[in-house]
Amino acid sequence: MVGRRTVLAAALGLAAAACAAPPERPPAPDAPSPAPSPPRTPAPPSREQVLARCAGRVPQQWGTDLPGVARTVPGGALALTFDACGGPGGDGYDAALIGTLRRLRVPATLFLNARWVDANPGPAAELAADPLFEIGNHGTAHRPLSVTGRSAYGITGTADPVAAYEEVAGNRAKLADLLGRAPGWFRSGTAHYDEVAVALVEQLGERVAGFAVNGDGGATFTPEQVAREVAAAPPGSIVISHFNHPDAGTAEGYARALPGLLDAGRRFVRLSDRTAVPSGE
């Protein structure tokens with residue numbers, strides 16, 4: 001005769017099994033999940049708070065490779081990043097390049113400038129809704145991010161902490177409206193920073209994206225040059241290119257390079273798919 005405890009334990013086991021959630025199905029390999037949302041952070045500091053935190057700080061460094069600027073990703077993947085600079089930097093839309101990424105199912109992080117978004121509201125909304133892509137902040141006026149007005153490539157940087165704040169926060173608000181959440185990554189115009197400006201970006205809740213490989217030379221390379229640079233990118237590299245110059249060699253160069261990289265088993269990630277590695281860490 002079966003004891004009452006045995007019967008009761010069996011019943012409880014069946015009830016637990018019936019209530020258990022079914023196992024999750026893994027996503028299809030050709031349908032990447034949406035880029036992870038950055039953790040919820042406090043409201044960005046005000047201009048006054050930025051001024052207070054930056055008061056008396058005189059930057060000692062300037063360039064593209066500073067502590068706190070991510071240039072690589074772990075695990076040997078490649079992180080392709082494409083800038084849309086806007087304004088005098090170009091308001092075009094390289095639909096051929098985006099089409100190649102979609103056809104080959106290669107994820108990427110797209111850095112949108114506020115002026116480019118204003119000039120391309122349809123493509124901006126379409127790209128923001130595509131889970132293949134992650135959208136990053138490329139600034140309000142596409143300026144190098146400085147607290148002293150440093151320049152790069154003839155472009156004058158932000159003059160002081162307040163201007164740097166507005167360069168980041170202005171487009172952050174625009175992209176938050178577009179995405180329904182704040183972007184997690186920032187890249188300045190020209191990708192130049194001083195260390196005080198890098199700290200300012202971090203205070204605003206974004207991480208700073210640099211690069212290890214220049215894939216298209218600021219949209220000046222020929223298709224052959226683009227294909228060569230991208231194909232030779234070392235594992236773990238963040239690659240910078242542009243998708244606002246449809247007349248450049250970028251689209252054709254990537255169309256040549258990507259099939260070979262995929263055939264060789266190279267993996268591609270968006271920046272938030274892996275924890276990018278800041279320089280100096």
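Here is a quick tour, from the whole chain down to two residues.

This is a predicted model, where local features need pLDDT of at least 70, side-chain atom pairs count only at pLDDT 80 or more, and totals for chains, interfaces and linings use all residues. Residues are numbered from 1 along each chain as its sequence is written, and side-chain values use heavy atoms, leaving out hydrogens and water.

**The whole chain**

- You'll find 9 helices and 11 strands in the protein chain; these are DSSP runs numbered from the N terminus, with helices being H or I of at least four residues and strands being E of at least two.
- The protein chain has 281 residues, and 47% of them count as buried (under 20% relative accessible area, with a 1.4 Å probe and protein chains only).
- Take the contacts (heavy atoms within 4.5 Å) with a separation of 6 or more: 80% of those in the protein chain are between residues 24 or more positions apart.
- About 13,100 Å² of the protein chain is accessible surface, and 56% of that belongs to carbon and sulfur atoms; the areas come from the Shrake-Rupley method with a 1.4 Å probe.

**Two residues with positive phi**

- Arg105 isn't a glycine, yet its phi is positive, near 55°.
- Look for Arg105 in the loop between α3 (95–104) and β3 (108–112).
- With 34% relative accessibility, Arg105 is partly exposed (that is, between the buried limit of 20% and the exposed limit of 50%).
- Ala191 is another non-glycine with a positive phi, this time about 60°.
- The loop between β7 (185–186) and α7 (195–203) holds Ala191.
- Ala191 is buried, at a relative accessible area of 2%.
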